[in-house]
Amino acid sequence: MSRQERLETDLDRGFAALEEGRIDDAAACVERCQRIDRAHADVVLLSAAVADARGDADEALEMYAKLVELRPDDPMPRICAARIQLRDLGAAEAALATIATAFEFIDEEADLIEAVIVRTEAQIATGELADARESLAELASSVIDDPELGLDLAELALAAEDAAAAERWIELARKEPTLTADALHLLGRVHEATGQRAQMIAAWQQVRELDAKAGPGPVSISEDELERIASEALAELPAEVRARFEHVPILIDELPSQELVGDGTDPRSLGLFQGTPLSAGSEVTPSVTTIHLFRKNLERTSTDLDQLAEEVRITVLHETAHYFGLDEDDLERIGLD
């Protein structure tokens, strides 16, 4: 077998391994390919994709920059670089600048959709909501019939404060029966954002009913273990705060009750503290009478027990912080967002 044939074989193997999630095997193919021709465009592409899959943002960006030089008319490396800048590095302004250079080379609808999504996310991140709504409007005439993509676009439209567009994309998502609960949950959030409380509750009651019938998540936890992790999380609090929880029961429920959802509680809430919170300017001492943890919702968020345990911990500390007057910015600063 010639060197060129070995290169092509390893490239095929590398991309196939990456597609199947075998990142180490793909990386081994990269090493072999680089020994043959490090400057080959497909070798650079595979190198970039492997670095991207490994979360090595700097390496991936370097490879995508080389690919732009090798394939200047290809929008894909520019789109990928912008995505990494935005989602991995949190550099929304840089992502906007990078994605802007991709549009003149786009001639495939799939590339256009991905580029618009990245640009819209970056515009939302920089607070340019009007521009984000204009970006999403570019896809209104596209032939999009993928319900999962519809759900993603509905999320973006809601974040861009375009409720009407969100509802249109939700209708696409609802064409796929397995997405019905997710679509209805998002519809409830749209109604929440627009102040339509009755419609919100109606949608969320349907979500609760569907979730109650759904099978178990990828990981499960016992009530005793869930309570133990929650108690350990409470033990992390300062002594004066911890004292307020000394006699507060931790109740484990599968899901929020119909009554709670009827009162406006999100059916996919992970936890709920009931009592009197400390509000801005209030002299009322915060008190918690009951801590609810919703096991089925928590299990749905995780793929293994370690992740589930951390989700429980964050939920308990997050809700506790809310009760003692911390807002979402405060929570983000201390890592409880």
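**Figure 1. Surroundings of Ile252 in the predicted model.** Apart from its neighbours within four places in sequence, Ile252 contacts Glu223, Leu226, Glu227, Leu293 and Arg295. The model shown here and in the other views is predicted. Ile252 belongs to strand β1, which covers residues 250-253. Its relative accessible area is 14%, and Ile252 is therefore classed as buried, the limit being under 20%. Thr290 lies 38 residues from Ile252 along the chain, and the C-alpha atoms of Ile252 and Thr290 are separated by 11 Å.

**Figure 2. The chain as a whole.** The secondary structure of the chain amounts to 18 helices and 3 strands. Along the principal axes, the C-alpha atoms occupy a box of roughly 75 × 40 × 40 Å. The chain has 337 residues, of which 44% count as buried. When contacts between residues at least 6 apart in sequence are considered, 58% of them join residues at least 24 apart.

**Figure 3. The crossing of helices α6 and α7.** Helix α6 comprises residues 92-100 and helix α7 residues 109-125; their axes come within 9 Å and cross at roughly 150°. The crossing of α6 with α7 is left-handed. From α6, the contact involves Ala92, Ala95, Leu96 and Ile99, which meet Ala115, Val118, Arg119, Ala122, Gln123 and Ala125 of α7. Classified by residue type, this contact between α6 and α7 contains 8 nonpolar, 1 polar and 1 charged residues.

**Figure 4. The loop residue Ala91.** Ala91 is located in the loop that links α5 (76-88) to α6. With a relative accessible area of 26%, Ala91 falls between the limits of 20% and 50% and so counts as partly exposed. Leaving out residues up to four places away in sequence, Ala91 touches Gln85 and Leu86. Ile170 is 79 residues from Ala91 in sequence, and the C-alpha atoms of the two residues are 29 Å apart in space.

**Figure 5. The largest nonpolar core and its separate counterpart.** The largest nonpolar core holds 30 residues, and Leu139, Ile144, Leu153, Trp169 and Ile170 are those that touch the most other members. Two or more residues of this core come from each of α7, α9 (147-159), α10 (163-173), α11 (180-193) and α12 (197-213). The greatest contribution to this core is that of α9, with 7 residues.

Figure 6. The buried residues in α9 are Pro147, Leu149, Gly150, Leu151, Leu153, Ala154, Leu156, Ala157 and Leu158. The cover over the buried residues of α9 includes α7, α8 (129-137), α10 and α11. At 1.5 Å a residue, the 13 residues of α9 should span 18 Å, and the end C-alpha atoms of α9 are 19 Å apart, which agrees with this expectation.

**Figure 7. Glu161 between helices α9 and α10.** Glu161 is placed in the loop between α9 and α10. The phi angle of Glu161 is near 65°, a positive value in a residue other than glycine. Most residues other than glycine have a negative phi. Glu161 has a relative accessible area of 60% and is therefore classed as exposed, for which the limit is over 50%.

**Figure 8. Leu210 in helix α12.** Leu210 is part of helix α12. Its relative accessibility is 34%, so Leu210 counts as partly exposed, between the limits of 20% and 50%. With residues up to four places away in sequence set aside, Leu210 touches Thr180, Ala181 and Leu184. Leu210 and Lys296 are 86 residues apart along the chain, and a distance of 12 Å separates their C-alpha atoms.

How values were computed: Residues are numbered from 1 along each chain as its sequence is written. This is a predicted model: local features need pLDDT of at least 70, side-chain atom pairs count only at pLDDT 80 or more; totals for chains, interfaces and linings use all residues. Side-chain values use heavy atoms; hydrogens and water are left out. Axes are lines fitted to C-alpha atoms, for helices over the stretch in contact, and angles run from 0 to 180 degrees between N-to-C directions. Helices (H or I, at least four residues) and strands (E, at least two) are DSSP runs, numbered from the N terminus. A crossing is left-handed if the near helix is turned anticlockwise from the far one by less than a right angle, and right-handed if clockwise. Contact means heavy atoms within 4.5 Å. Ala, Val, Leu, Ile, Met, Phe, Trp, Tyr, Cys and Pro count as nonpolar, Asp, Glu, Lys and Arg as charged, and the others, Gly among them, as polar. A nonpolar core is a set of buried Ala, Val, Leu, Ile, Met, Phe, Trp, Tyr and Cys residues joined through side-chain atoms within 4.5 Å. Buried means under 20% relative accessible area, exposed over 50%, partly exposed in between (1.4 Å probe, protein chains only). The expected span of a helix is 1.5 Å times one less than its number of residues.
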